[in-house]
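Here are my notes on the charged side chains, written for someone new to this kind of thing. Have the model open and follow along point by point.

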Amino acid sequence: MLHKNYYMLGHVQRTLSIMLTYQCTAQCQYCGTFSSPNDKNKIDLQTAISAIDQAKELDFGNIVFTGGEATIEWESLVSSIKYAKSKGFPVRLVTNAHWASSDDQANAKIMELKAAGLDEINYSTGNQHIKFIPLSNIYRAISASLSNRLTTVLIIELHKNSLVSKDKVQFEIDRLIDSDLIKRYFKIIESPWMPTNPDKVGEYPSGLLKNKSNIDSCTGCDSVLQTYVLQGDGRISSCCGLGMRMIPELQDSSATREVFLEESIKSSTNDWFKLALKYIGPEKILAWAAEKNKNIVWEDMYAHRCQSCIRIYKDREVRSTIKEHFRELVADLCFSIYLDEKLALISANR
């Protein structure tokens with residue numbers, strides 16, 4: 001049996017992300033999980049329970065339910081939240097709030113989720129999402145979760161011409177909800193909406209695209225080897241990144257196996273390239289490859305790191321360059337691991 005502290009990289013506890021289904025009420029262009037109303041893949045309740053048990057055995061830190069749209073599988077979701085909470089896990093849900101069609105409906109759903117043990121809820125909206133779920137649903141859902149004193153995070157798609165802005169949403173929330181509840185329980189995050197095609201450049205506000213002038217600000221990936229995903233088709237991934245379904249190398253096990261989380265951890269943490277992604281980061285790896293091969297163009301193409309990662313895995317020239325020069329990258333990797341672990345130990349001893 002794998003020891004629970006096996007490769008506890010950076011001394012940060014792992015997250016188990018459970019996609020109860022790939023199905024979603026929206027069909028956003030460039031959806032990072034390739035979800036849609038037509039994708040009916042889902043896992044059963046017993047598989048989710050097994051994953052939670054394994055996460056407990058392996059000392060995972062928290063459980064996240066996502067999708068697709070997890071609330072489509074409402075009974076399984078509520079039961080899974082209750083079970084995760086009974087095991088002592090903090091529990092988070094990511095949803096598009098399609099269920100908040102009225103004030104009463106929003107409040108009833110939030111009350112049931114909180115009674116089950118939910119600690120945090122994340123809502124998603126933006127140019128793509130509002131084509132399918134009205135912004136009024138988001139406001140009702142936020143109002144309900146804050147009124148029930150549930151930690152609430154709104155994640156807004158960031159585009160060059162965003163129809164939903166942080167300032168606009170904050171104005172409406174300030175108008176609807178008590179300011180003390182907002183200060184205590186609410187946060188807004190803007191995240192670049194990326195094409196899942198690494199050859200396509202998205203349109204963003206100035207300063208977001210990565211190039212030589214800002215590459216030093218990029219860090220290692222805090223998703224790979226930290227978040228393990230039980231996907232809607234039963235595959236296990238060692239990353240919750242956007243576009244992970246199109247990268248075979250991120251699929252480390254399957255829920256058909258008896259101890260699938262253990263297998264996924266063993267497989268992924270023995271992968272030197274995943275270690276490089278974690279400690280160096282996809283942007284810097286891509287920039288490093290471009291220094292070795294002048295045919296690789298990367299500057300001013302990517303605002304979201306997952307798109308850089310997809311480029312690394314899918315571009316044959318980038319892959320061959322990394323493979324040819326990987327021994328050189330290992331030296332940087334070992335130094336990055338040493339610094340990260342050293343800083344973690346210093347912080348832990350304070």
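1. Start with D271 and K274, whose side chains meet in a salt bridge, N to O at 2.8 Å. By salt bridge I mean a side-chain nitrogen of Lys or Arg within 4 Å of a carboxyl oxygen of Asp or Glu. K274 is buried at 2% relative accessibility, while D271, at 24%, is partly exposed. (Buried is under 20% relative accessible area, exposed is over 50%, and partly exposed is in between, using a 1.4 Å probe and protein chains only.) Through shared partners, salt bridges join D271, K274 and D252 into one network.

2. A word on the source: this is a predicted model, where local features need pLDDT of at least 70, side-chain atom pairs count only at pLDDT 80 or more, and totals for chains, interfaces and linings use all residues. Residues are numbered from 1 along each chain as its sequence is written, and side-chain values use heavy atoms, with hydrogens and water left out.

3. Next, look at E249 and R319: their salt bridge has its closest N and O atoms 2.9 Å apart. This pair links distant parts of the chain, 70 residues apart, with E249 in the loop between β8 (235-237) and β9 (251-254) and R319 in helix α11 (residues 316-348). (Helices are DSSP runs of H or I, at least four residues, and strands are runs of E, at least two, numbered from the N terminus.) Both ends are partly exposed: E249 at 29%, R319 at 37%.

4. R311 also pairs up, meeting D315 in a salt bridge at 2.8 Å, N to O. R311 is buried, with a relative accessible area of 6%.

5. How many salt bridges turn up in a search of the whole structure? The search finds 14.
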